Number of protein chains: 2
Amino acid sequence: MAVTISDVARAAGVSKGAVSYALNGRPGVSDVTRQRIVEAAKQLGWKPSLRAKGFSSSKAYALGLVVARDLKLLGTDPFFPAFIAGIESTLSEHEYALVLTIATDPDAEERSYRKLVEGGRVDGVILTDMRNDDSRIALLRELKLPAVTLERSDTPSPFTALRTDDTDGITAAVDHLIGLGHTRIAHVGGAQAYVHGRSRRLAWERALSAAGLPADLFADADFTASGGVTATEALLRRPDRPTAIVYANDLMATAGQSFALTHGFTVPGDLSITGFDNAEFAQYLNPPLTTISSDPLRWGRLAAAVLLDQLAGTHDGQDIVLPPPRLLVRGSTGPVRFSTT
Amino acid sequence: MAVTISDVARAAGVSKGAVSYALNGRPGVSDVTRQRIVEAAKQLGWKPSLRAKGFSSSKAYALGLVVARDLKLLGTDPFFPAFIAGIESTLSEHEYALVLTIATDPDAEERSYRKLVEGGRVDGVILTDMRNDDSRIALLRELKLPAVTLERSDTPSPFTALRTDDTDGITAAVDHLIGLGHTRIAHVGGAQAYVHGRSRRLAWERALSAAGLPADLFADADFTASGGVTATEALLRRPDRPTAIVYANDLMATAGQSFALTHGFTVPGDLSITGFDNAEFAQYLNPPLTTISSDPLRWGRLAAAVLLDQLAGTHDGQDIVLPPPRLLVRGSTGPVRFSTT
DNA sequence: TTCCATTGCTGAACCGGTTCAGTAAATCCA
DNA sequence: TGGATTTACTGAACCGGTTCAGCAATGGAA
């Protein structure tokens, strides 16, 4: 039905092999012949069949992304859509496609990777939400599946990582609060099993230490809204309650802010609040949320580009370091009102 | 490297063809032989190569989803992640994969579909965000790409649609407000080019008419937060300003509520507010948002199932009607306080 | 007993590319 | 000028399944 390489070969008066060489920029064809073949291909509107290519070259011409997240988090996270859009923008330039899998339970995650490999669906995968002691690294080594990771797990990994310093965003937030006179600055942490959960916490600790302040107001949570509420409540109940809370993401910050407001605290009067992610709704809260913004589109674009380079053998394996996230100061942070003891 | 059909054939002492017939449940093999072949395949751990299958049968064993949305909307919309998860849950049972494309500009959308077809990436696609006069319908007919649509466009379409009555959700919201004594109930509409934007508006109009109330407080918007703010401002400036606003989605409602609060209105005292979608953050606003919740997971599951049925030729082409969305009453709606003239 | 139909299987073609061994012609070098 | 090397191309094998024509064996009907 569609035009095949044989049609082109016939039209150009050469063999299939010659067409293949010519169109793939391989040597072994003279310039005149190449020109003639290219012309014939254009004339006939030949699009090489990806299926045939994939079959004969054992490639999928696709990358995979397995997202293992609670749906409640996925639906409010501005990171993923933009990240995926970034991946796409790179892939579409290279005739690659993105195969997306959502794994809702932990077992499903491993099964997803195995299926992607067994089915020969993808040539490589992008790992997000890196965990400390991340089992996926061993899994992918076993499956011999090329990968790129977002951030580095503490598990030694042979895969190229895209890194940034979450540090800088959190540091900027803490410094901003210190500049406003706050001394009791708490942190509501994201799940500490995740690299970004932990690194944000460590950044908060270091920033306080650097200013000679104690980092003792920590409440563990899990990036969810309800977790944010619980953690906020615990912090606000303390006799030495904080005058500012640095949250590990916008969803927890939103929930925390709402909790504080409904319990008689004013924001930022009694309590300053910062988030992380720059979710679209965050600037439409009352007060709008001071938050930290990274560039997920760029992350996605780069992650895909690095992985493709790696598949082509043109990447040196060096980690890529991305610019640090930016602090967006909005209404939820203000000068400390009075100093309680 | 991997075990192929020839290995199985050799092990079972039959021809490749026999193996193919046996494992695909086709006639032409005796039960004993079939049993022996199945045994041999299991023994060797044979997984038929999807690539080879796809190549020889001209199938992709994958469905496509092209998302053409502003990133700002995608990142806050709880619908898509859950919808995709639903698709996945069906596909994973059928050895199908999901190829996801994000199209950021209108031209990119058409290009995406064309690429999916030309590359033979997918066997069918799921259309979301149906528009009135939707150009994709003609495009997919031209491309001969099977599809399932979410909601029906007014453009006649040969594709099976999954339908529901947005009507019921909005009607419930309006009735709830009327029950609270409201008579000036406004609507901040989503982009009217979309089927769901328009149907929500019509539902609002009908519900008011049914109660003998005028449907004159309409402000057009586009589902975005900033659009929601502008529309809200316009409504609240009117001399006959509403005592309740029904928004077409949660993001606009959130932005609208924040706008109202910062301009001296109390919610729900001066103004009751309802959203649509049940975004995770919506219940953590202050006050928490009364909203309308559908079941995107189920939608996804069904959409994929119907499309697969269709590809297998076992679907009758009838539209699928889904249960109506539910109203979730929370703090942003309350009794009307006083009646202005 | 003969003829026909059915069952169960084989062998080969086929899908549309890539890749490699082989060959004829052109070019180079001594 | 002759031999070696290089260039430009062909033909065929190959990837791993599906599918179909054909054939032998079996069973049933006449």
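Is A:K144 buried or exposed? A:K144 is exposed, with a relative accessible area of 72%; exposed means over 50%, buried under 20% and partly exposed in between, for a 1.4 Å probe and protein chains only.

## Basis of the model

This is a predicted model, in which local features need pLDDT of at least 70 and side-chain atom pairs pLDDT 80 or more, while totals for chains, interfaces and linings use all residues. Residues are numbered from 1 along each chain as its sequence is written, chains are lettered from A and ligands numbered from 1 in the order of writing, and side-chain values use heavy atoms, without hydrogens or water.

## Overall form of chain A

Chain A contains 13 helices and 12 strands (DSSP runs numbered from the N terminus: helices H or I of at least four residues, strands E of at least two). Its radius of gyration is 26 Å, well over the 20 Å that the globule rule gives for 341 residues, so chain A is more spread out than a compact globule. The radius is taken over C-alpha atoms, and the rule is 2.2 Å times the number of residues to the power 0.38. Along the principal axes, the C-alpha atoms fill a box of roughly 90 × 35 × 35 Å.

## Backbone features

Most residues other than glycine have a negative phi, and most peptide bonds are trans. A:K144, in the loop between α8 (135-143) and β4 (147-150), has a positive phi near 55°. A:Y61 also has a positive phi, about 55°, and counts as buried at 12% relative accessibility.

A cis peptide bond joins A:N286 and A:P287; A:P287 lies in the loop between β9 (272-274) and β10 (291-293) of chain A.
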